[in-house]
Amino acid sequence: MNPVIKNSALFALMAMLILLTGIMQSWNSALLILNMGLVSAVMALGVNLQWGFAGLFNVGVMGFVALGGLATVLISMPPVPAAWAAGGPGVLLGLLLGAASIGVAIWAYPRLPRGRVRVLGMTVILVIGFIIFRRVFDPAVEAIEAVDPATSGYLGGLGLWVVLSWPVGGVLAAGAAWIIGKSALGLRSDYLAIATLGIAEIVIAVLKNEDWLSRGVKNVIGLPRPVPNEVDLQNDPAFVEQATSLGLDPMTASSLYVKLGYALMFTVVLLILLWLAQKALHSPWGRMMRAIRDNETAAEAMGKDVKGRHLQVFILGSAICGIAGAMMTTLDGQLTPGTYQPLRFTFLIWVMVIVGGSGNNLGAVLGGFLIWFLWVQVEPISALAMEVITAGMAEDSPVRGHLLESAAQLRLLTMGVVLLLVLRFSPRGLIPEK
Amino acid sequence: MEFLNAIVALSNYVLVPALAYGSQLALGALGVTLIYGILRFSNFAHGDTMAFGTMITILMTWWMQSVGIGLGPLPTALLALPFGIAGCAAMVLLTDRVVYRFYRAQKVKPVILVIVSMGVMFVMNGLVRFVIGPGDQRFADGERFIITALDFRMMTGLKEGLAIKTTQGITLVTAVIVVGVLFWFLTHTRTGKSMRAYSDNEDLALLSGINPERVVLVTWLIVAALATVAGTLYGLDKSFKPFTYFQLLLPIFASAIVGGLGSPLGAIAGGFVIAFSEVTITYAWKKVLVYLMPESLEPSGLVQLMSTDYKFAVSFVILLIVLLFRPTGLFRGKAV
């Protein structure tokens, strides 16, 4: 079959699934799926860039997504002047000193003679640096966290337009990726996997514990939104009139309007990124990436800078994940570090890329939508299936109760089975690489 | 006296917990390292394999408790352990038959196998959550302490107490027995030797008539046993929660890599290195230092280098240091 027709058919099918959700469940949930599907598609694009283009095995997606979420807080929340006065300079100075001591250590490393002197010197530099850092940093943090801890207790953000946080999220993730890439990219693929897995956990640990930065597990709620509030719309007579003329009650209409607004913005971002990724794929750069992926030694022999290119694509892919993370936090309207789980934010994205077709941008986008749709819909479907299975059992049977109660857990099982089936019978995914 | 008190406090809060935790990590890392050595991929499903074996053990423990079978002062779970191992072995053999064998026959790249193991991870994680639920489960029974802090203080007359939990004692004893049996098996039996030969040089091993499928089968059986034992000991010592077991993946892999992937001895060493660094760096040293330092120098803060939530960071940093300066690990594992 002509691939163009096949791909269009697959995307049409995906659109049908979402439309069907709208007709059978509610338009609200259809738009919810669409919005998170768009975000997931962006994440999948990022992972596809790393894995599909360059064969880099990054299982730290969650960390980059969370950094994007942090960017949303740092950009859009209003600053807390009292906290800045209490400890702002102290925290900045502390961080600067910490960075400086690491810098000194890096500078000194090649200059010290090998052997015991070097080990001793490095230890002394790092230990003294750590002590100074804690001396300056700790009191400042304490002062900040004491400022009105129930409502703020953190430095706040810059109070800028929230959409600005999307590119900033990308930059933040790119910065983290640069540090990780510099230290871990030379490693073998499964070492890189473990390294990225660890980094992601550390990012989440920082978000959970550094209350001065992100309020930790107290969460930041009420982030500014790029679209109007539902309540404002409902109080706007012009909007209510328009809604009633379309035969909708103002409540539903306002919620749909807001979600459509998000969908529109996310679609624009996805299309831009998709266009860029397609351009990259079909450029000499993309061909070089794939050449490196398929045979590193040969590419190196042709004079390609394998390590440099790997670093480049690792940063780019991570930045896209950061953008998606900022978009997601904007959509949620809150940053809740406790909800970041690797199964949902790292491995699910991997399922999207593999199922969609690694190495193909359209495949990754399709996978993002499809897997997100399944992730949401498996729950009601399995609950329904369990109802049918247990229909013959006694009303009060404990087995029946357990099965009905645990139906929600079938989500992970289904994702695993989907991934294994695709890997086995269609290892190149739904839309394979050309 | 002051010095003795310091030592007791140190043992109570650092040495004993780290020894127990290190043994659990070592057992987990042994499983990872064996799969790496024989099947040649990093098994991301290992944490969930541990959870699966532990789940069967817990279910059997509950059943035994309900019909009144027990071990007196020892936890009933020890009696249920063989059933857990059997269940876990059945599960991993099934996954090998249904999933991994296909790819082994195709001789795919290791990274594909890693992705496949991601799928297995999802399935096992889902299964465990489906059967036993995502919440915390406690299944330890019997005597809680070998020696309580109060008894210790009465016995010795020291100010500090040393409490040793039964589970910590059992962990250490079991780990020693299991590791002893494993090393005896690997060095003294024909099957064990063939496993080592297969791990060292696959082609030569095949040439000398070693049956690869048999080696793989035995490996999975050993891995199932190791994973179940490690998981059950961890669950007894702390508590059982599917998500925690998934998260153990990081320290376990760190242990295996720090020791040198593919080297059983390295896995054990790595487990203790990771456990001791995690505990010492996240421990508040004030109590120990108060005994050791003259009064004028006593610390005012807790002297905790990092908050306990950063324990992942510790295993990770050690992992990174080892990878940068000695990529094959402490014990020269294989770097394929």
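Tutor: Chain A is divided into domain 1 (3–79 + 156–425) and domain 2 (80–155); such bounds come from an automatic or database domain assignment. This is a predicted model: local features need pLDDT of at least 70, side-chain atom pairs count only at pLDDT 80 or more, and totals for chains, interfaces and linings use all residues. Residues are numbered from 1 along each chain as its sequence is written, while chains are lettered from A and ligands numbered from 1 in the order in which they are written.

The C-alpha centres of domain 1 and domain 2 of chain A are 33 Å apart. Their contact takes seven residues from domain 1 of chain A and twelve from domain 2 of chain A. Two residues are in contact if their C-beta atoms, placed from the backbone, lie within 7 Å. On the domain 1 side, three residues are nonpolar, two polar and two charged. Here Ala, Val, Leu, Ile, Met, Phe, Trp, Tyr, Cys and Pro count as nonpolar, Asp, Glu, Lys and Arg as charged, and the others, Gly among them, as polar.

Now the chain interface. 34 residues of chain B are in contact with 34 residues of chain A. On the chain B side, two or more residues each come from helix H3 (77–106), helix H4 (110–132), helix H11 (249–259) and helix H14 (311–325). H4(B) gives the largest share, 15 residues. Helices (H or I, at least four residues) are DSSP runs, numbered from the N terminus, as are strands (E, at least two). By class, this side of chain B has 26 nonpolar, six polar and two charged residues. The predictor gives the complex an ipTM of 0.89 and a pTM of 0.91.

The largest nonpolar core has 219 residues. A nonpolar core is a set of buried Ala, Val, Leu, Ile, Met, Phe, Trp, Tyr and Cys residues joined through C-beta atoms within 7 Å. Buried means that 20 or more other C-beta atoms, placed from the backbone, lie within 10 Å of the residue's own. Helix H1 (residues 2–39) of chain B gives this core its largest share, 18 residues. A:Val42 and A:Met327 have the most contacts inside the core. Leaving aside neighbours within four places in sequence, A:Val42 is in contact with residues including A:Val269, A:Leu273, A:Ile320 and A:Met327. Another core, of 14 residues, lies apart; among them are A:Val141, A:Val147, A:Leu155 and A:Trp212.

Conventions: Buried ≥ 20, exposed ≤ 12 C-beta atoms within 10 Å, placed from the backbone.
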